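Here is a quick tour for someone meeting this structure for the first time. Have a look at the sequence and the model, and then we can walk through a few spots together.

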Amino acid sequence: MREFFMVGGRKLSYLDFGGPGTPLLALHGHYNEASTFAPLAAALTPRWRVIALDQRGHGDSDRARTYERDAYVADLAAFHRQLAVGPVAVLGHSLGGVNAYQFAARHPDKVSALIVEDIGAVVDCDWSFTTRLPDVMPSREALVAALGTAAPYLECSFRWTERGWGFSFDTADTVASQKALNGDHWDDWTAVSCPTLLVRGTRSDELAAEHAAEMAARRAGGVRLAELPAGHVVHHDAPARFADEVTAFLGVSR
């Protein structure tokens, strides 16, 4: 079920996949939106109830004036207040992963367990792919053809407008968000106190094996590292294995 709430005059949207299970908050990466977690929600039910946010500038949430780090974390705090769920497990992919561990570091009383999918404590994002994205295309098929092998990773964000087929995100906003994501976030990563699962795709071009190992080592036993045969979007490339890792981790972290 899609729901909305207001933060500072802006509308934020989220998908509550429902069910009787324990809530798990999910945060997507750039180019995606809440619906990317539909297969994971189906795999985790009925034990876990996935509630996924369309982060600012994505999906059915409003565009924003800024995409700085503190703004994303403030949105998550408002999301948590909206749901009134108490300490909760939080999962984030890429952009959502940094948002998740910064939220966990700064609001430790609100996060009981953390799952970070394929993003590091130091981020050096290349936004050249974003600037090459097509503007609008006359048909969905034309948009798929223009994106090539990237199409399956972006299709949840496809939208029809009066101008043609495009995306639910704005490319200029995405570049601004990617620039703000870059940087050294070690202080936040090492400040996280809750049990953490770090998932890395072995074919990832975003999170190197050495960096993932260092992230686990710096948390002195507080991190479980899982490396799965996938690229950067592990929940897309290896959905069953990813769901299994999440289920096993949450089962011992409750």
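Predicted model: local features only at pLDDT ≥ 70, side-chain atom pairs only at ≥ 80, totals over all residues.

Strand β1 (residues 2-7) and strand β2 run antiparallel, and 6 bridges join them.

What else does β2 pair with? Strand β4 (residues 48-54) pairs with β2, again in the antiparallel sense, over 4 bridges. Here you can look for Ser 13, which has Asp 54 as its bridge partner in β4. How many residues of β2 are buried? For strand β2 (residues 10-16) the count is 6 of 7, so it is mostly covered.

Now for the rings. Searching the whole structure turns up 10 aromatic pairs. One of them brings together Tyr 31 and Phe 129, with 5.4 Å centre to centre and 80° between the planes, which makes the pair edge-to-face. This pair links distant parts of the chain, as its two residues are 98 residues apart. Tyr 31 lies in the loop between β3 (22-27) and α1 (38-44), while Phe 129 belongs to helix α4 (residues 128-131).

Phe 129 has 27% relative accessibility, so it counts as partly exposed.

Tyr 67 and Tyr 72 make another pair. Their ring centres are 6.3 Å apart and their planes meet at 50°, so this pair is tilted. Why tilted? An angle under 30 degrees would count as stacked and one over 60 as edge-to-face, so 50° falls into the remaining class. Both Tyr 67 and Tyr 72 are buried.

Back to Tyr 31 and Phe 129 for a moment: they are part of one aromatic cluster, which they form with Phe 158, Phe 167 and Phe 169.

Rings turn up next to charges, too. Which arginines have their charged end over a tryptophan ring? Arg 218 and Arg 219 do, as listed here.

| Charged end | Ring below it | Distance from ring centre |
|---|---|---|
| Arg 218 | Trp 186 | 3.8 Å |
| Arg 219 | Trp 189 | 5.2 Å |

Definitions and conventions: Residues numbered from 1 in each chain as written. Heavy atoms only, no water. Phe/Tyr/Trp six-rings, centres within 6.5 Å; stacked < 30°, edge-to-face > 60°. Buried < 20%, exposed > 50% of the residue type's maximum accessible area, 1.4 Å probe, protein only. Lys NZ or Arg CZ within 6 Å of the ring centre and 35° of its normal. Pairing = 2+ DSSP bridges.
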